[in-house]
Amino acid sequence: MVEFDASRSCHGASIIVRGEPWDPRSWEVSTGFLRKWGWILKGCPDILEATNYCRHNKGEKKLSFKLL
């Protein structure tokens, strides 16, 4: 697992890769990341789906591109 957490300097923006980095289903992004850099993910719904799968398993609310 690889994790980038810049919560102290980037408004809670973080990325967690729980598997192969080439597989978008392995990626989870935080709310802060989606708000700050979500435009990067436009056209890649797989990462948002993977994020929401992880969030669901943790009992958290789904994220949406509407946060942008």
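Select cysteine 54 to begin: this residue is buried, with a relative accessible area of 15%. Keep in mind throughout that the model is a predicted one. Next select cysteine 44, which is partly exposed at 24% relative accessibility. How many disulfides does the structure hold? The number is zero.

**The whole chain**

Zoom out and show the cartoon. The protein has two helices and three strands. Followed from the N terminus, the order of elements is β-β-β-α-α. Colour by accessibility, and the buried residues come to 37% of the 68 residues. Of the contacts between residues at least 6 apart in sequence, 30% join residues at least 24 apart.

**The nonpolar core**

Select Ala13, Ile15, Val17, Val29, Phe33, Leu34, Leu41, Ile47, Leu48 and Leu63, and show their side chains. These ten residues are the largest nonpolar core. Which elements each supply at least two residues of this core? They are strand S2 (14-17), helix H1 (31-37) and helix H2 (45-57). As background, nonpolar side chains in soluble globular proteins tend to be buried together.

Within that set, pick leucine 48. Setting aside residues up to four places away in sequence, leucine 48 touches Leu34, Leu63, Ser64 and Phe65. Two of the names in that list, Leu34 and Leu63, also belong to the core.

**The aromatic pair**

The structure holds one aromatic pair. Its members are phenylalanine 33 and tryptophan 37, with ring centres 5.4 Å apart and planes at 50 degrees, so the pair is tilted. How far apart are phenylalanine 33 and tryptophan 37 along helix H1? They are four residues apart, which means about one helical turn separates them. Is phenylalanine 33 buried or exposed? Phenylalanine 33 is buried, with a relative accessible area of 7%, whereas tryptophan 37 is partly exposed at 23%.

**Aspartate 23 in its loop**

Move to the loop between S2 and strand S3 (27-29), and select aspartate 23 there. Aspartate 23 is buried, its relative accessible area being 13%. Show the backbone of arginine 25 as well: the aspartate 23 side chain reaches the backbone nitrogen of arginine 25 at 3.0 Å.

**The salt bridges**

Now turn to the charged side chains. A search of the whole structure finds five salt bridges. Select lysine 58 and glutamate 28, which form one of them, with 2.7 Å between the closest N and O atoms. This pair links distant parts of the chain, since lysine 58 is in the segment after H2 and glutamate 28 is in strand S3, 30 residues apart. Lysine 58 is partly exposed, with a relative accessible area of 45%, while glutamate 28 is buried at 6%.

The side chains of glutamate 60 and lysine 58 meet in a salt bridge at 4.0 Å, N to O.

Glutamate 60 is partly exposed, with a relative accessible area of 35%.

**Arginine 55**

Finish on arginine 55, which is placed in helix H2. Is arginine 55 buried or exposed? At 13% relative accessibility, arginine 55 counts as buried. Show everything in contact with this residue, leaving aside its neighbours within four places in sequence. The contacts of arginine 55 are then Glu28, Thr31, Glu60, Lys61, Lys62 and Leu63.

Notes:
Residues numbered from 1 in each chain as written. Predicted model: local features only at pLDDT ≥ 70, side-chain atom pairs only at ≥ 80, totals over all residues. Heavy atoms only, no water. Core = buried A, V, L, I, M, F, W, Y, C linked by side-chain atoms within 4.5 Å. Buried < 20%, exposed > 50% of the residue type's maximum accessible area, 1.4 Å probe, protein only. Contact = heavy atoms within 4.5 Å. Polar contact = N/O pair within 3.5 Å; in protein donor to acceptor, adjacent residues only side chain to side chain. Disulfide = S-S within 2.5 Å. Phe/Tyr/Trp six-rings, centres within 6.5 Å; stacked < 30°, edge-to-face > 60°.
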